[in-house]
Amino acid sequence: MSNFIVFSIDVFASLFIVVFGCLVLLVIYFYISDVTQSKHAIRRNYPVIGRFRYFFERQGEFFRQYFFAMDREEMPFNRADRSWVYKAAKNVDRTTAFGSTQSLEVTGTVMFMNCAFPTLDEEALEPSAVTLGPHCPNPYITKSLFNISGMSFGALSKPAVRALSKGAKLAGCWMNTGEGGLSPYHLEGGADIVFQIGTAKYGVRDEQGKLSHEKLKKIAAHEQVKMFEIKMSQGAKPGKGGMLPGKKVTAEIAAIRGIPEGHDSISPNGHPEVKTPADLLDMIASVRETTGKPTGFKAVIGAYAWLETLFAEINHRGIESAPDFITIDSADGGTGAAPQPLMDSVGLPLRESLPLVVNMLEKHGLRERIKVIASGKLIVPSKVAWALALGADFVVSARGHMFALGCIQALQCNKDTCPTGITTHNERLQRGLDVADKAQRVANYNKYIHYGAGLIAHSCGVFSARELGRQHVRVVQENGLSEPLDKMYENYQ
């Protein structure tokens, strides 16, 4: 009996050693596989352990009603929207089964009105070209509906900017530099560039922090730089300038911005030289005259009486004095770092500000002259199509393209610890972001946004997404019934 026990112990001990050895070999295999692959930033930066992220994400499909947020509940972006972006970026199946998780009874739900006689595939057209800055020596003509919104080098890492630049070129869309200046990485991919002039004038400031026309000319000399955008305010922090923590101000970033290395980069609340609508038009005219390229401004809309003054002043000075575009940022916009009171409670959301501005432009006879760019949580085709129907000529997105790069909404943008390498200057974490792979994902995402918006347009009976109008959309009201957008905003001012 004792011999049998000894034998059994030997057998189990041997089995344990074999199983343990196999597990060790498996972990080693997973480790080598993870650190050498370039498709998944989390696995590359956190080998072996990072695999659990995908396991638990998969389990959420089965246990979300007990342990996880529902598809449409998570903030600031819900699982359903993020999942669509990930699938589009990876060029995998984007269809769903059984039924939508989107309730059609919730107040504010958007519904597009399909036509009895939809546009056939062979009848569909590409979005028409739009000209910005027709009175400029170098107007900008583009067909792209969906473009990359302002994200600074500094807020974003070097590989993230490189991937966005290359992806924008592949997609045929433009890329906004954000207020941090023009870096070599913005230009590297060959994409069209919109240079943003923030309140601190990074990249185009003189030693006193004022706008340098010599530096403006040097920026404009790049053929890739197509337009200039004067940032008045942004949705995440209206009334507050940009904030980049000192830990993210490297020597390279400091040189590009023209500020000290390692110090917090905090922009003024506004442009010191712009105190009135007339001042804004003067600044636009100055930048446009210096660069010869289309110039507009970006703002989150709150109080809006100043817009009436602005548009009246344009008609007084002449149509050439108008900004070539206005970028309207929603109050629910995002950023790497912002005071929570401003992020939570200041400014108008896009559903109010976009139709308000469009209606005011029509009232003053400026709708054709001034193009409208919409920004703010528009990361899926239905929301892009909704903005176009409300009157936008273009849509831009920052966070949608971050998701395409692999962002997992870890909410660590301001800490320099982004686990996917997108918003960190930690070189170990940046290794997880493979530029070539992510560039293709950015292009895929842009492609399927255009495709999805086109699907909606064709269902509504028009030939392209640019032809969508307010009559094609209804919105659910508090009584549970829907109302058409054209009626809702008929006299909205």
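This is a predicted model: local features need pLDDT of at least 70, side-chain atom pairs count only at pLDDT 80 or more; totals for chains, interfaces and linings use all residues.

Me: Is Ser 165 buried or exposed?
Reply: Ser 165 sits in helix H5, residues 158-171. The cut-off for buried is under 20%. Ser 165 has a relative accessibility of 0%, so Ser 165 counts as buried.

Me: Which residues touch Ser 165, leaving aside its neighbours within four places in sequence?
Reply: Contact here means heavy atoms within 4.5 Å. With those neighbours left out, Ser 165 is in contact with Met 175, Tyr 185, His 186, Leu 187, Glu 188, Gly 189, Gly 190 and Ala 191.

Me: And Asn 359, is that buried or exposed?
Reply: You'll find Asn 359 in helix H12, which covers residues 350-363. Beyond the neighbours within four places in sequence, Asn 359 is in contact with Arg 470, Tyr 489 and Tyr 492. Its relative accessibility is 8%, so Asn 359 counts as buried.

Me: How far apart in space are Asn 359 and His 316?
Reply: Along the sequence, 43 residues separate Asn 359 and His 316. In space, going from C-alpha to C-alpha, the distance is 19 Å.

Me: Let's zoom out. How many helices and strands does the chain have?
Reply: The chain has 493 residues, and 52% of them count as buried. Its secondary structure comes to 17 helices and 15 strands.

Me: What is the radius of gyration of the chain?
Reply: The C-alpha atoms fill a box of roughly 105 × 60 × 45 Å along the principal axes. For 493 residues, a compact globule would have a radius of gyration near 23 Å. The chain's own value agrees with that: 25 Å.

Me: What share of the contacts with a separation of 6 or more comes from residues 24 or more positions apart?
Reply: Take the contacts in the chain with a separation of 6 or more. Residues 24 or more positions apart account for this share of them: 69%.

Me: How are H4 and H16 oriented to each other?
Reply: Helix H4 (residues 79-90) and helix H16 (residues 435-459) pack with their axes 7 Å apart, at an angle of about 115°. Angles of 65 to 115 degrees count as roughly perpendicular. H4 and H16 are therefore roughly perpendicular.

Me: Which residues of H4 and H16 make that contact?
Reply: The residues divide into 7 nonpolar, 1 polar and 2 charged. H4 brings Trp 84, Val 85, Ala 88, Ala 89 and Lys 90, while H16 brings Arg 441, Asn 444, Tyr 445, Tyr 448 and Ile 449.

Me: What is the handedness of the crossing of H13 and H16?
Reply: The axes of H13 (residues 381-390) and H16 come within 8 Å and cross at roughly 65°. Pro 381, Ser 382, Val 384 and Ala 385 of H13 meet Tyr 448, Ile 449, Gly 452, Ala 453 and Ile 456 of H16. Those residues divide into 7 nonpolar, 2 polar and no charged. As for the handedness of the crossing, it is right-handed.

Me: How many of the residues of H13 are buried?
Reply: The buried ones include Pro 381, Val 384 and Ala 385. H13 is mostly covered, and its count of buried residues is 8 of 10.

Conventions:
Residues are numbered from 1 along each chain as its sequence is written. Side-chain values use heavy atoms; hydrogens and water are left out. Axes are lines fitted to C-alpha atoms, for helices over the stretch in contact, and angles run from 0 to 180 degrees between N-to-C directions. Helices (H or I, at least four residues) and strands (E, at least two) are DSSP runs, numbered from the N terminus. Angles under 35 degrees count as roughly parallel, over 145 as roughly antiparallel, 65 to 115 as roughly perpendicular and the rest as oblique. Ala, Val, Leu, Ile, Met, Phe, Trp, Tyr, Cys and Pro count as nonpolar, Asp, Glu, Lys and Arg as charged, and the others, Gly among them, as polar. A crossing is left-handed if the near helix is turned anticlockwise from the far one by less than a right angle, and right-handed if clockwise. The radius of gyration is taken over C-alpha atoms; the globule rule is 2.2 Å times the number of residues to the power 0.38. Buried means under 20% relative accessible area, exposed over 50%, partly exposed in between (1.4 Å probe, protein chains only).
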